[in-house]
Amino acid sequence: MMFPKNCWYVAATTSEVRPGSVLARTICELPMAIFRAEDGAIGVLLDRCPHRLFPLSEGRIEGSGLRCAYHGLVFETDGKCSEIPSQPEIPTNAYATAYPVREAHGLVWVWPGDKTLADQTPLPGFETGEGYLAGLDFSCLDPSDMWGVAGPNVIHLNAGYMLAVDNLMDLTHTAFVHADTFDNAGILGSERTVKAVGQNRLIDFFAFKNTMSAPLRTGYMLDQSVPLFDNFLETYWQAPGVMILVHGAVPEGGDREADGAIVLNTNILTPATRTTSHYFWAQSVYKNRGEGKVCDLWDVMTKAAFAEDEETLDKQQANLDRFGTTTLDGDVALVLKADKAIVLARRIVNRMVKEEASIGSI
Amino acid sequence: MMFPKNCWYVAATTSEVRPGSVLARTICELPMAIFRAEDGAIGVLLDRCPHRLFPLSEGRIEGSGLRCAYHGLVFETDGKCSEIPSQPEIPTNAYATAYPVREAHGLVWVWPGDKTLADQTPLPGFETGEGYLAGLDFSCLDPSDMWGVAGPNVIHLNAGYMLAVDNLMDLTHTAFVHADTFDNAGILGSERTVKAVGQNRLIDFFAFKNTMSAPLRTGYMLDQSVPLFDNFLETYWQAPGVMILVHGAVPEGGDREADGAIVLNTNILTPATRTTSHYFWAQSVYKNRGEGKVCDLWDVMTKAAFAEDEETLDKQQANLDRFGTTTLDGDVALVLKADKAIVLARRIVNRMVKEEASIGSI
Amino acid sequence: MMFPKNCWYVAATTSEVRPGSVLARTICELPMAIFRAEDGAIGVLLDRCPHRLFPLSEGRIEGSGLRCAYHGLVFETDGKCSEIPSQPEIPTNAYATAYPVREAHGLVWVWPGDKTLADQTPLPGFETGEGYLAGLDFSCLDPSDMWGVAGPNVIHLNAGYMLAVDNLMDLTHTAFVHADTFDNAGILGSERTVKAVGQNRLIDFFAFKNTMSAPLRTGYMLDQSVPLFDNFLETYWQAPGVMILVHGAVPEGGDREADGAIVLNTNILTPATRTTSHYFWAQSVYKNRGEGKVCDLWDVMTKAAFAEDEETLDKQQANLDRFGTTTLDGDVALVLKADKAIVLARRIVNRMVKEEASIGSI
């Protein structure tokens, strides 16, 4: 399983790239220096000076450019060299490789592939609807009267990005990996519908009655006296690694908007190398009940749970490595019913990778 | 030098695999999850769940099976999946790879090769004789009126198993590696006879007069006033890595059974990878003189000495690695007279490896 | 970029190899045991015993030889085995591989290539001249009435030796890498002349007027009231890694010998592996002004600055590694005017490597 490169990937959060800062990060096996000039413009350069291949991420911001720490060459956000201290003239080939970059809703997106395709491709985001579904274009990441937001955070996984996507697409792991946090065994017997939406999107609906475990009741701030809840969990996925999980609970037979606890959990996976990845995530709590506190409670619970995921995924990748397994597609693994969305998603991503390879070979 | 796989190898000691425990250990480059169910049965499974390849050794024992920590599948000691939490039916191909396993005299043996050959192959052990030679079938590992036992212990070497076998087959290293512990220079001038016993066994007899160093006199609890001792050291080896060293000393001209200190030192080497190994060893002191204390003294001395061996072997392997040498057979090394048993033993093991390769290629 | 092997390379300083000591060091990818016998003779052996390939550098000096720590074989400085404890006779093939070695001016030189060429090749050193130029044959490393000497020191770089040579051949890095130590921005606008001297030597002259930064005034013990200095920096290089940098300053229009501060900075790079190296360096301060103290000041300043170089070079090498770049010749890097000496020097070293390869293939 490799990654497609002609995609917008989240490279950093806005708060990681304050004006004057430089961040080293590998995206799709490309080491990048991500920097923000003093005027706020963001540049993403291949992390090596074209002169002596020193890492540009070791440099410092000066005005609108990034100055290399070795011989002092300065590069602008578009990669052009604007100063060579040891000589007055700038050779015409004095460029660092630059990547297209966009910023929206607190996320910095980069395009590691063919630059000519970047402009015509909009940033990922899902069709929005009424009420809490209005946040699906990632506007749920902007704190507002409608949303309480925790994050975005970033975890650096020692696991390939698709293992993390798989993990989110088979939530039956919740009953075992998160037994000490969510304690959400209810999901094991849930009704589930997976449907494709267009060429590279899936929606995966879970719905189940649940008594709700103590941690979940607390996290959602649910009424302790209610005996049974309608639980819902809807995963919106866009290939290859962009997901929003819409989840919540409402007293049995109640109305989601009026009586429910609703959380939009953004999960975005970006390949670092074949076996490592960056995991960006945030919690957006819908303020339909005017409760801001649920956001903090949910944030604390999720941080503990995502640390469990991190440990699990790192161990899974380490095991793939020691067995020399480079893929987890159906032909090497026992496929269960719970893997339905995984199988569909991997088929889509594999097709994207193959299409890029055939483009490259024309 | 590779390892044959159609052999019983010691995978663990009985005390390492208590009921309810799971142990991760690599044998012959196969990562294994070794577990004991609540009823005492032992299972050895390839250390990856067939579902998503998560390490089974991270799981926990429930009743007669091992439950995977990721999605909760349960596997029995024979590898059969007995529960899938997210669905009621068990697919017919839901099996983890299982290995034949036996247990005797406190050692757990596993068969990493062709399963169909395991049943017809008895566990290693040597022909027994009278008196202290009655323990050569590893019954010397069972504490009794006849034997005081320290161990079995396990050391994990960063050295290939045959380097450790070599080390035990050329005991002239004792005068240098163990100068601070055994201080046994007497071995350098000893008479020695190496003889083959059947197809895959050797016996290597050392016999020499010795004044016995202070540490050895103490370890054996020998009479300090005796001027000269008959020292003996007899190595029983079964290919590829099973050895019992029978050693001791008796006042010159005395009778071993009546007057001697006699120790059976079990040494069993199991390949982990090509360059790492598991070293199981124990000290069985023959209670011919009714002295239990000699066991403790000898145990302390040997632990210090085996730490010296460990350091030596790890350095030797590291040096082979940095020189890119994968073998130490006679064609790349200066062969001395003291290497006689090594040369014979390696010839036998090489033949076993080749025979397995030719079986595989038919 | 590889290294030529038919060269004298500095393997150690005299003070690193005191009588009775053994030093493990890799030179040109050859692990070596460098030892000095009790009588003062130096031996350099391939770091593996011919018997069981144990590292000889773990052994100990006994009289004129080095005793292996495993089975006690003894080897003389010429590699000949002189004792085998387990047998009286010495086989005629009982030799460790030995390397030609020379010692002069506190440096121990070894010849890792074709031994037959070593005798006919003199140790590196430059033509000497009058006054401070008399020290260019490395006699400046011997403390005397003429020279105050700090060092030689050794740094072990996680960077290939040619990256360190490059670094010394483009001193415009001083203004950035050493901004906190030398603070020598004056070099950026200097006049510069690079000239070849014979087949495998270059001299690289820098000359510039300079107000001299506070650290440099202090280091050189210059008169604080002088407004402008004539600064000079002359690099003598012999392929592949031997350099003396002659540098100093004199009040504008003054006489170097009479009024100047003059330092001969020895820098010798020895390849360890393709991506690591040993960096030997010393400061020889010319006592034309009778000031011994300048030596200590300059030593302290240079140690801080060379730590900056070490950090820079290690990061550069790490970046080459992660980009899979094995060379930094002009065809992969943007070449600036300041790289003139680098380009010439690398051309010379590449020719030497190719010539050795063609000799080997005849």
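Copies are superposed here by least squares on the C-alpha atoms of residues with pLDDT of at least 70 in both. With that in hand, chain A can be laid on chain C with an RMSD of 0.0 Å, using a turn of 120 degrees and a shift of 0.0 Å along the axis. That is the relation of a three-fold axis. In chain A, the C-alpha nearest this axis belongs to Asp321(A), 12 Å from it.

This is a predicted model, in which local features need pLDDT of at least 70, side-chain atom pairs count only at pLDDT 80 or more, and totals for chains, interfaces and linings use all residues. Residues are numbered from 1 along each chain as its sequence is written, while chains are lettered from A and ligands numbered from 1 in the order in which they are written.

**Chain A with chain C**
- The contact (C-beta atoms, placed from the backbone, within 7 Å) takes 20 residues from chain A and 20 residues from chain C.
- On the side of chain A that touches chain C, eleven residues are nonpolar, six polar and three charged.

**Helices α1 and α5 of chain A**
- Helices are DSSP runs (H or I, at least four residues), numbered from the N terminus.
- The axes (lines fitted to C-alpha atoms over the stretch in contact, with angles from 0 to 180 degrees between N-to-C directions) of α1 (residues 161–169) and α5 (residues 293–322) of chain A come within 10 Å and cross at roughly 125 degrees.
- That makes α1(A) oblique to α5(A), as angles under 35 degrees count as roughly parallel, over 145 as roughly antiparallel, 65 to 115 as roughly perpendicular and the rest as oblique.
- Leu163(A), Ala164(A) and Asn167(A) in α1(A) meet Asp309(A), Leu313(A), Gln316(A) and Gln317(A) in α5(A).

Conventions:
Helix = DSSP H or I, 4+ residues; strand = E, 2+ residues; numbered from the N terminus. Contact = placed C-beta atoms within 7 Å. Nonpolar A, V, L, I, M, F, W, Y, C, P; charged D, E, K, R; others polar.
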